[in-house]
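Subject: Structure for your study

Dear colleague,

Please find the structure below.

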Amino acid sequence: MSAKGLLLSVYEHFKSISITDKTPLDSESISITDCLMSGLAMFGLKFPSLLKFDEQRKETPIKHNLKTLYNVEQAPSDTYMRERCDEVDPKYIRTAFKKIMSLVQRGNGLKKFEYLDNHYLLAGDGTGFFSSSKVKCENCCVKHHNKCNVKIIGYLAKDLSIYKKNTYLLINNSDQDWIIWFINSSKEKIAVEVDSILNLKDLLTKTRTKLSNKEKKQIKVVVSTDYNSKQTDAKITFYHNMFCAAIVHPNLKLVLPLAPEPIMKTDGASKNDCEYNAAKRIYADARREHPHLKFIVVEDSIASNVPHLTDLKNLNMRYIVGVKPGDHKFLFNFIKDASCNEYSHTTDDGVTHTYRYLNNVQLNKSHSKFKTNFLEYWETSPNGNVQHFCWVTDIFITEKNIYQIMQGGRVNWKIENNTFNTLKNQNYHFSHNFGHGKKHLCSVFSMLMMLAFFIDQVQELYCDLFKGARLKFKSRTSLWEKIRGMTKEFYIDSWDDLFNSIAGGYEKAKLVPNTS
Ligand SMILES: [Zn+2]
């Protein structure tokens, strides 16, 4: 699992991607493989911006090294790279993650991550990576800051102050016609014609009492969509989020990320895609691509709802997810008076672990048949500091596995800390906008960045040459700086030469200095 092997497998996959170009290719054209590999090299070598990459790509040592290290025949200009990568559907890049994971599996690398009866902990969470009030593309999610409220009611109240600002009141009593009032920001009522709201008339053919909940919801969506479309851009934020999942282990700092799932406005959809749907896709893909792996999904309390946990059950995945008193009142009320099992022990580090647990409990009021297992936990450090956590899990809790379940639940922070924060703080420049594009560029770049991160993590886990070079530096950031400096100063023929020279000095490798 060396850089050479990993990058070759990505290169072979990128070579198989064909896109329909807007403009026909000529002899001047640079292949999509070169564009994608150049993007990967930009993140792999930790260039701070696309402009910096563009400035340096023509320098002869860089040109040489892009060819020998990343198989790039010809590196594109910044504009060209943006235009071509914008056309690539991010779903094509997903496969590259699968290829690398297969190499890890084949090399028996997953063994390190085994946990609780040959399972793998899969930590998942969403994160934002782009937000702007001006820059946007076809796939941006849109947030309207000046939202309207929509109420379907029988009578207009005399006291208008009971209504919120920016509220549409759709009024219908028995078989009367519909009347619409808009309560503006000064809480005055303004008459609204049914015809003035796009697509509304067809939905108001029934009286209020005959409308189903689904129909009412549809009416509310139509009214707010119409309202939003009439707002000016100043009150709108365009943004991209993605849902990420990674195989993690309580004792390992390194993680193995799956392909991130962009959360975006899908083609033709007016409503923003949401984290729930993206999570649904990522876990379904993980199951399809790894049909035999035993997963335990670890997420925070936003995930502990019955539809999501049922999805996981249907995918044959276990779970350990957080619960909070504020979000799970029914559960916590029940637990308060229930006679739970209690257990406590002290580990060699002087930390006391206290547990309260109960198997086979109901998660919420409306799903009486859905049962789960509840675990409450206090960690008391030798100096008296106490931390408190609660989870639900479908793993039957016993005194034998309770410590492992607790540790499994707590690795959830690794997705935030060891993935998102690494991308932000260790020279990957996660928060920098490398380019937005009109269609897919924003997502393509974020996936290439995650792919570069994945390759780095795999090397640090399994590649002795890389580990040798890594040992020379206190921080990864210093190693990245060294590598980038060397690619400017030397003609490097292979990754082996690069890492050997960093680990053992220049006499350990054949490097030709740049004398120009
Ligand atoms: Zn966008």
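Are α6 and α13 roughly parallel or roughly antiparallel to each other? The model is a predicted one, in which local features need pLDDT of at least 70 and side-chain atom pairs count only at pLDDT 80 or more, while totals for chains, interfaces and linings use all residues. Residues are numbered from 1 along each chain as its sequence is written.

Helix α6 (residues 91–106) packs against helix α13 (residues 441–462) at an angle of about 10 degrees, and their axes are 10 Å apart. The two helices are therefore roughly parallel (angles under 35 degrees count as roughly parallel, over 145 as roughly antiparallel, 65 to 115 as roughly perpendicular and the rest as oblique). Axes are lines fitted to C-alpha atoms, for helices over the stretch in contact, and angles run from 0 to 180 degrees between N-to-C directions. Helices (H or I, at least four residues) and strands (E, at least two) are DSSP runs, numbered from the N terminus.

Among the residues in this contact are Phe97 of α6 and Phe454 of α13 (contact requires C-beta atoms, placed from the backbone, within 7 Å).

Elsewhere, four strands form an open sheet of mixed pairing, ordered β4-β5-β6-β7 (strands pair if DSSP finds at least two bridges between them). At its edges are β4 (149–153) and β7 (189–192), each pairing on one side only. The twist from one strand to the next averages 25 degrees. Strand β5 (residues 167–171) runs parallel to β4, joined by five bridges; Asn149 has Thr167 in β5 as its bridge partner. Helix α7 (residues 213–229) lies across β4 and β5, at about 140 degrees to β4.

Yours sincerely

Notes:
Two residues are in contact if their C-beta atoms, placed from the backbone, lie within 7 Å.
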